[in-house]
Amino acid sequence: MYWQKEIETMDRSTLAGLQLQRLNESLRQAGRSAFYGGSLGAAASKGLSDLKEIARLPFTTKDDLRNAFPYGFLTVDLEEVIRLHSSSGTTGNPTVVFHTARDIDEWGNLIARCMYTTGVRKQDVFQNMMGYGLFTGGLGFHYGAEKLGVMTIPIGPGNSKRQIWFLKHLKATVVHILPSYALRLYSFFEEMEVDPRKDLHLRIAFIGAEPHSEEIRRKIEELYGIKVYNSYGLSEMCGPGVAFECERQAGLHLWEDHFYPEIIDPASGEVVPEGEQGELVLTTLTRQAMPLIRYRTRDLTRFLPGECPCGRTHRRIDRITGRSDDMLIINGVNIFPIQIEKTLMAIPEIGHNYLIEIHKENFMDKLSVKVEINEEVFHGTLAELEKLQGKAVTALRAELGVTPVVKLAEPSSLPVTEGKAQRVFDYRHREEGSR
Ligand code: AMP
Ligand code: ZN
């Protein structure tokens with residue numbers, strides 16, 4: 001059940017010792033980059049004597065990565081570098097991340113650990129529907145699955161009919177897929193007369209790379225008749241493989257032999273009391289080409305209390321509820337898009353996709369939610385549609401404290417993106433001051 005039993009079940013004090021030793025190596029290594037240079041002071045030359053002392057060191061931000069583009073964070077000679085990945089994002093310099101051969105190997109091991117944890121074995125057939133290329137989702141899982149000895153189909157995303165054909169004929173048992181794409185793919189099954197619950201051999205899906213609610217996970221599990229596990233990571237750390245759900249599906253084990261986590265108040269930068277929600281800050285403990293110290297992920301989560309019954313000792317974080325920079329302020333009320341998703345997905349008549357739009361009208365913010373309905377309701381009466389609309393407004397008002405306009409849309413009619421789903425469109429800046 002464990003890929004690396006000794007590490008995964010290591011007692012907490014031995015793990016802390018390992019972390020301190022690795023943290024000091026990381027600090028020394030980071031000091032070799034142009035960005036960190038001498039700024040880490042004695043921490044880089046002499047090391048820290050206690051993990052908690054890390055709180056004295058400055059944070060590293062995404063802007064730092066952008067400003068130091070392209071090579072400011074590199075700590076090794078180019079001849080040692082074998083790979084570059086880049087984070088998604090459409091404005092400014094991209095954030096590029098370098099890997100040595102050892103970095104790639106450690107990353108593969110992490111992914112193998114994650115997959116093994118959920119019961120993936122050599123005899124499985126793995127269809128990897130994440131993008132291959134600069135994005136880490138495709139290649140990251142690819143190398144991990146190969147390390148595990150699993151036959152991997154590097155199909156990438158899109159071309160839904162071909163995906164289904166492969167799933168069916170190659171008898172794929174495991175997939176890695178964006179949650180938004182898992183829902184979209186489902187709509188192609190009927191047309192192809194394939195029943196995902198009966199005609200496939202699928203048993204496991206890994207979903208991640210974009211925020212999604214527990215309701216979306218359960219929906220995918222139900223539609224496909226499989227187990228779905230949450231996979232979290234970011235290119236700056238390596239990619240997927242930073243935190244992962246074990247077979248218990250009760251929070252994500254953050255792999256503390258490779259990353260040192262802190263949760264801070266995004267406004268003050270102070271570490272929050274244990275168990276409280278805040279922004280995840282990560283320090284790499286084993287990365288060679290590009291160690292990062294106290295990197296602000298912007299992702300919001302909390303540490304879950306207690307021990308996991310699976311026996312792994314690495315701390316668990318809760319699913320990511322949003323990013324500190326994607327909070328919407330609607331007429332002074334703070335709202336996270338995931339609250340809207342969670343509320344909509346709990347209504348059975350609602351379909352799989354939705355969009356959030358915010359406009360300025362008479363100097364006030366106006367929140368609109370466009371949401372697809374399911375086939376059955378679509379063929380129902382007007383009165384039924386109006387009732388559903390009212391139900392959605394009431395549920396959203398109760399969750400958000402703001403009354404949105406709800407517009408119902410035909411199944412599969414809302415626009416979709418090839419990569420990570422983009423569901424929030426904020427037009428307020430464009431309309432500032434307009435009436
Ligand atoms: P990228 O570096 O482009 O792969 O993007 C990483 C970001 O994707 C993270 O910082 C998160 O905001 C988001 N992300 C990745 N995995 C998850 C997940 N399982 N749940 C929610 N958000 C995720
Ligand atoms: Zn566990």
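Q: Which residues are exposed on the other side of α12?
A: Ala383, Glu386, Lys387 and Ala398 are exposed there. Exposed means over 50% relative accessible area, buried under 20%, and partly exposed in between (1.4 Å probe, protein chains only). Helices (H or I, at least four residues) and strands (E, at least two) are DSSP runs, numbered from the N terminus. This is a predicted model: local features need pLDDT of at least 70, side-chain atom pairs count only at pLDDT 80 or more, and totals for chains, interfaces and linings use all residues. Residues are numbered from 1 along each chain as written, chains are lettered from A and ligands numbered from 1 in the order written, and side-chain values use heavy atoms, leaving out hydrogens and water.

Q: What puts the buried residues of α12 on the same side?
A: The buried ones are Leu388, Ala392, Val393, Leu396 and Leu400. They cover an arc of only 135° around the axis, so they lie on the same side of α12. The arc is taken from the directions from the helix axis to the C-beta atoms.

Q: What do the buried residues of α12 pack against?
A: They pack against β16 (333–335), α10 (337–345), β17 (350–361), β18 (364–373), α11 (375–378) and β19 (405–409). Contact means heavy atoms within 4.5 Å.

Q: How does the reach of α12 (residues 382–400) compare with the span expected?
A: Its 19 residues reach 27 Å from first C-alpha to last, close to the 27 Å expected. The expected span is 1.5 Å times one less than the number of residues.

Q: Why is the arrangement around the zinc ion (ligand 2) called tetrahedral?
A: Cys246 (SG), His253 (NE2), Cys308 (SG) and Cys310 (SG) coordinate the zinc ion at 2.1 to 2.3 Å. Donors are N, O and S atoms within 2.8 Å of the metal (3.2 Å for Na, K and Ca). Four donors count as tetrahedral if all angles lie between 85 and 135 degrees. The angles here are 102 to 116°, so the arrangement is tetrahedral.

Q: Why is His253 called buried?
A: Its relative accessible area is 0%, so His253 is buried. Cys310 is buried too, at 2%.

Q: What makes up the largest nonpolar core?
A: A nonpolar core is a set of buried Ala, Val, Leu, Ile, Met, Phe, Trp, Tyr and Cys residues joined through side-chain atoms within 4.5 Å. The largest has 63 residues, and Met115, Phe206 and Tyr232 have the most contacts inside it. Its largest share, eight residues, comes from helix α5 (residues 101–117).

Conventions: Tetrahedral: all angles 85-135°; square planar, octahedral: opposite > 155°, others 65-115°.
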